[in-house]
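Welcome! Please take a moment to look over the sequence and the model below, and then we will walk through the fold together, strand by strand and helix by helix.

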Amino acid sequence: MAELIAYTDGACSGNPGPGGWGVLLRAMEGARIVKERELSGGAAETTNNRMELLAAINALETLERASAITVVTDSAYVKDGITKWIHGWKRNGWKKKGGLKNVDLWQRLDAAQARHDVRWEWVKGHAGHPENERADELARAGMAPFKV
């Protein structure tokens with residue numbers, strides 16, 4: 001059975017401003033790429049954090065059936081949010097002191113993750129990681145139609 005890996009990234013020009021998200025989705029058998037799919041999208045007025053979240057959401061929502069998948073992100077906000085902070089937010093009715101930003105996307109990510117067996121990994125962004133760099137290119141392509 002192939003191992004699924006999603007490399008995700010978000011980009012924003014200004015924060016807020018036009019933004020994009022990108023996903024490099026791979027099915028691997030050992031070191032061999034069996035199948036590869038690229039996804040991207042964007043918005044005219046958004047934030048970097050929203051784009052990072054949408055990349056992870058779209059990676060999981062695009063899968064047609066429940067799967068074991070590793071999501072690789074360069075966003076500590078996404079990784080820590082979904083693996084650590086979300087439990088307290090849910091216990092507190094999706095609230096936190098000072099307000100919870102992007103609650104709509106956190107709830108969507110929580111629902112998308114619930115269908116799958118997800119392992120989350122963080123990689124340093126803009127550090128020469130080829131798949132992360134490709135996800136960044138896809139995010140910038142997703143942003144392009146919205147840049148003035």
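Let us begin with S4 and S5, two strands that pair in the parallel sense over six bridges. Two strands count as paired if DSSP finds at least two bridges between them. Strands (E, at least two residues) and helices (H or I, at least four) are DSSP runs, numbered from the N terminus. For one example of this pairing, look at Val71, whose bridge partner in S5 is Trp120.

Before going further, a word on the model: it is predicted, so local features need pLDDT of at least 70 and side-chain atom pairs count only at pLDDT 80 or more, while totals for chains, interfaces and linings use all residues. Residues are numbered from 1 along each chain as its sequence is written, and side-chain values use heavy atoms, with hydrogens and water left out.

Now step back to the whole sheet. In what order do the five strands of the open sheet lie? The order is S3-S2-S1-S4-S5, with mixed pairing. At the edges you will find strand S3 (32-46) and strand S5 (117-122), each of which pairs on one side only. From one strand to the next, the twist averages 20°. Here and below, axes are lines fitted to C-alpha atoms, for helices over the stretch in contact, and angles run from 0 to 180 degrees between N-to-C directions.

Follow S1 next. This strand covers residues 3-12, and nine of its ten residues are buried, where buried means under 20% relative accessible area, exposed over 50% and partly exposed in between (1.4 Å probe, protein chains only). S1 runs antiparallel to strand S2 (residues 17-29), and ten bridges join the two; Glu3, for instance, has Met28 as its bridge partner in S2. S1 and S2 form a hairpin with four residues between them, and Gly14 in the turn has a positive phi of about 90°. S1 is also joined to S4 (residues 68-73), this time in parallel, by five bridges. There, Thr8 stands opposite Thr73 of S4.

Helix H1 (residues 48-61) touches S1, S2, S3, S4 and S5, and its direction makes about 155° with that of S1; contact means heavy atoms within 4.5 Å. Helix H4 (residues 130-143) lies across S1, S2 and S3, running at about 140° to S2.

Finally, turn to the aromatic residues. A search of the whole structure finds three aromatic pairs. Rings of Phe, Tyr and Trp (its six-membered ring) pair if their centres lie within 6.5 Å; planes under 30 degrees apart count as stacked, over 60 as edge-to-face and the rest as tilted. The rings of Tyr77 and Trp106 are edge-to-face, because their planes are at 65°, with centres 5.2 Å apart. Tyr77 lies in helix H2 and Trp106 in helix H3, so this pair ties together parts that are 29 residues apart in sequence. Both Tyr77 and Trp106 are buried. The rings of Trp85 and Trp89 have centres 6.2 Å apart and planes at 55°, so that pair is tilted. Both lie in helix H2, about one turn of the helix apart. Trp85 counts as partly exposed at 38% relative accessibility, whereas Trp89 is buried at 7%. Tyr77, Trp85, Trp89 and Trp106 form one aromatic cluster.
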